[in-house]
Amino acid sequence: MNVTIATLGELLVEFLAKKENQGFSTPGEFWGPYPSGAPAIFADQVAKLGFKSLLFSCVGDDAFGSMNISRLARDGVNVRGIAVLPNATTGSAFVSYRSQAQRDFIFNMPNSACGLLNVNHLDESLLKQCNHFHIMGSSLFSFRLIDAVRKAIGIVKANGGTVSFDPNIRKEMLNIPEMSQAFEYILDYTDFFLPSDGELDYFGLSKSRDEEKIVASLFARGISHVVIKRGPRGASYYSASERYHMPGYAVDVVDPTGAGDCFGATFVSLFLAGYSVSDALARANASGSLAISQRGPMEGTSTLAEIEEFIASQEAR
């Protein structure tokens, strides 16, 4: 199958605190800037795998914006959907680690260039070339972006395409009412749902905490494929007729940011390209493991050759 995947949302730069528990209230050293934004990482990973990848976003007319566009273009992403806004500033995020698993963020997105993305920035001729559209929950932070997501869903679905949705919940963004209101709407159009195991309960899809009952409620609303990310414990796949669990890989964690985005991009791309569920899951797990092995949210995106080499090295142990 010809795989052409579009996504939209935040494109920003990220700064990483050098010390654990550094926080933001006192002076400290940071690594960065790094190209970032969950949809941008997803788009970059799709392109690195050799598939057609399109990102819609906005950046400021500044060095951060130029850096992001150059990086994505270098890796093969179609950047024609990225608008440069002369009177806005490229978004940013500062990250402080409490531990390898717990992070605190300060985001500058709603008032930055990417927060100004709206339906007028969507090139319908580009979207009509895509047979899949991916949505990140972290991108649903304004009515402008939600309207753009709705338009993109409509165009891709009208052309017989499919939709994937990664809730990608950030605790710092849960107080944004637009976000929670949009989740229910998007689930009604979702074909592939990719939550982490800790995100299932948030959606109130079942009063039971039983995973299989929650998954059954997702099938009842029309979702065809549920892929649950479990970090180092691997991932699980559910459909009406199949279920798989694929164990993860033991690797040292350098930076966990971007791992879920790389996982989702790899699974969706390879599944759409005709890989079996088990093969797509194994390579998605490997992609996530490679992502956490590098410092910087987009620095760990990987080619299919690198993924295959990683799997071979793990199997040889």
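The model is predicted, so local features need pLDDT of at least 70 and side-chain atom pairs count only at pLDDT 80 or more, while totals for chains, interfaces and linings use all residues. Residues are numbered from 1 along each chain as its sequence is written, and side-chain values use heavy atoms, with hydrogens and water left out.

I begin with the sheet. Nine strands form an open sheet with mixed pairing, in the order β5-β4-β1-β8-β9-β10-β11-β12-β13. Strands here are DSSP runs of E with at least two residues, and helices are runs of H or I with at least four, numbered from the N terminus; two strands pair if DSSP finds at least two bridges between them. The edge strands, β5 (82-85) and β13 (243-246), each pair on one side only.

Within this sheet, β10 (192-193) and β11 (225-229) run parallel and are joined by two bridges. F193 has V226 in β11 as its bridge partner. Helix α6 (211-220) packs on the sheet and touches β10, β11, β12 (235-238) and β13, where contact means heavy atoms within 4.5 Å. The direction of α6 makes about 145° with that of β11; axes are lines fitted to C-alpha atoms, for helices over the stretch in contact, and angles run from 0 to 180 degrees between N-to-C directions. Helix α2 (63-74) lies across β4 (52-60) and β5, at about 175° to β4.

I turn to the backbone. Most residues other than glycine have a negative phi, and most peptide bonds are trans. N21, however, has a positive phi of about 60° and lies in the loop between β2 (12-17) and β3. A cis peptide bond, with omega about 5°, joins G32 and P33, and P33 is found in strand β3 (30-36).
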